[in-house]
Amino acid sequence: MSRLAELHITALRNIEQASINCHPEFNLIHGKNGSGKTSVLEAISLVAQGKSFRTNRTESLIKSGTARAVVYSRLEDGHRIGIDRARSAYKLNLDGQSQKNWDEVLKKVPVLVLDTGAFTLLEGGPKSRRQFMDWGAFHVEPSFIAAWRRAKKCLANRNQLLKASTANWTLIDAWDQEFLQAADQIDQIRLAYLAVLIPTFNQVYGTLMPNSAYQLSLIYEPGWDTELGLKAVLKDNREKDSKYRFTQYGPQRADIVIKADSREAIEVLSRGQQKILVSALKIAQGMVQAQSGGQGCIYLVDDLQAELDAENRASVISFLVGLESQLFVTCVDATAFMEGLIDPPEHSLFHVEHGNIFA
């Protein structure tokens with residue numbers, strides 16, 4: 001099971017230098033707003049998946065006046081991961097070996113984030129739901145990443161050809177052959193993943209919302225009319241692709257429609273119910289990962305008290321604790337947070353003040 005044993009942070013946001021020994025299950029990080037507690041979670045996100053969950057501008061993570069941020073971690077199983085992030089480049093090391101991509105690190109340290117941004121899963125565009133779905137597909141099916149990269153390459157070349165003043169359909173047809181194969185593989189993996197995720201989600205949501213008035217359903221839309229098939233859809237939409245100069249249909253347009261009874265969930269659920277729904281999706285995703293891969297996720301839970309009332313917050317945290325995954329949770333008032341839990345777990349407590357971390 002993936003668990004962080006040590007975390008060392010240098011020059012990340014307002015943290016100049018800090019080291020923590022992590023509890024294998026529950027780590028509570030508390031402090032005033034702006035103290036740097038969320039930066040600890042960002043450090044974990046950075047070393048585990050190369051990016052912050054708060055911003056796409058990774059260079060903004062680097063402490064003002066310094067050239068680079070460095071995060072080093074040691075896992076309980078002995079693996080060592082380090083990232084040296086400069087403003088325009090990075091160096092990633094796994095067990096002392098330089099890595100060209102993130103594949104191996106992502107597999108060793110699967111991280112799920114539950115924060116304000118996660119709740120855009122319902123109200124955001126299809127991209128956020130695609131990323132959610134593909135995170136799971138990547139972690140449960142090893143062949144997914146290769147198919148995804150093939151499709152991305154084909155799509156980039158196809159779109160480049162569409163940008164020409166006159167589209168060369170002979171060349172586009174050649175790229176379409178591989179694109180169709182990759183798209184079909186992606187589609188099948190996504191379908192298989194959702195077939196496992198959906199009943200798990202129903203179980204989690206039923207536990208967190210036992211008296212829900214709505215029947216929820218997750219409907220997968222692959223990005224094209226499956227009755228016609230992608231090959232026919234691409235052919236029928238050549239004029240449209242030429243007009244807009246990019247490919248209108250394919251796995252890059254997939255989505256998950258979440259409904260409450262017959263209407264979209266975001267239209268009928270209250271804000272509180274929506275947040276429980278998203279929490280259930282994230283929890284279910286981690287459960288499927290643990291069941292299929294044999295190693296649980298690390299959950300980063302940021303400022304949940306700002307998103308959920310005390311009762312629902314306690315239910316979500318208690319469910320996460322019951323998974324026996326490793327949790328890193330931030331809050332302002334540690335005493336009030338722990339007193340609000342149904343059955344407070346053993347934990348390590350870290351107080352953050354002006355970028356300094358005290359155990």
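Because the model is predicted, local features need pLDDT of at least 70 and side-chain atom pairs count only at pLDDT 80 or more, while totals for chains, interfaces and linings use all residues.

**The sheet**

- Helices (H or I, at least four residues) and strands (E, at least two) are DSSP runs, numbered from the N terminus.
- An open sheet is built from 6 strands in the order 8-12-13-3-14-15, with mixed pairing; two strands pair if DSSP finds at least two bridges between them.
- At the edges sit strand 8 (111-114) and strand 15 (356-358), each of which pairs on one side only.
- On average, neighbouring strands of this sheet are turned by 20 degrees against each other, direction ignored; axes are lines fitted to C-alpha atoms, for helices over the stretch in contact, and angles run from 0 to 180 degrees between N-to-C directions.
- Helix 10 packs on the sheet, where it touches strand 8 and strand 12, and its direction makes about 170 degrees with that of strand 8.

**Strand 13 and its partners**

- Strand 3 (residues 26-30) pairs with strand 13 in the parallel sense over 5 bridges.
- Strand 12 (residues 298-301) also pairs in the parallel sense with strand 13 (residues 326-331), over 4 bridges, and there V301 has V329 as its bridge partner.
- Is strand 13 mostly covered or mostly open? It is mostly covered, as 6 of its 6 residues are buried, where buried means under 20% relative accessible area, exposed over 50% and partly exposed in between (1.4 Å probe, protein chains only).
- In a regular strand the side chains alternate between the two faces of the sheet.
- Here Q326, F328 and T330 are buried on one side, and L327, V329 and C331 are buried on the other.

**Nonpolar cores**

- A nonpolar core is a set of buried Ala, Val, Leu, Ile, Met, Phe, Trp, Tyr and Cys residues joined through side-chain atoms within 4.5 Å.
- The largest one has 54 residues, of which F201, L277, V316, I317 and F337 touch the most other members.
- Helix 10 (residues 271-293) gives the most to this core, with 9 residues.
- A second, separate core has 37 residues, including V47, W102, V105 and V113.
- Contact means heavy atoms within 4.5 Å, and L277, leaving aside neighbours within four places in sequence, is in contact with L122, F201, Y205, L216, I258, A265 and L269.

- K275 lies in helix 10 and counts as buried because its relative accessibility is 12%.
- Not counting residues up to four places away in sequence, K275 touches F119, E307 and L308.
- The 13 residues of helix 11 (residues 310-322) should span 18 Å at 1.5 Å a residue, which agrees with the 18 Å between its end C-alpha atoms; the expected span is 1.5 Å times one less than the number of residues.
- Buried residues in helix 11 are N312, R313, A314, V316, I317, F319 and L320.
- Just after helix 11, E324 takes a positive phi of about 60 degrees.

**Cysteines**

- How many disulfides does a search of the whole structure find? The search finds 0, a disulfide being a pair of cysteine sulfur atoms within 2.5 Å.
- For C22, the nearest cysteine sulfur is that of C297, 16 Å away.
- C22 is buried, with a relative accessible area of 11%, and C154 counts as buried at 1%.

Note on methods:
Residues numbered from 1 in each chain as written. Heavy atoms only, no water.
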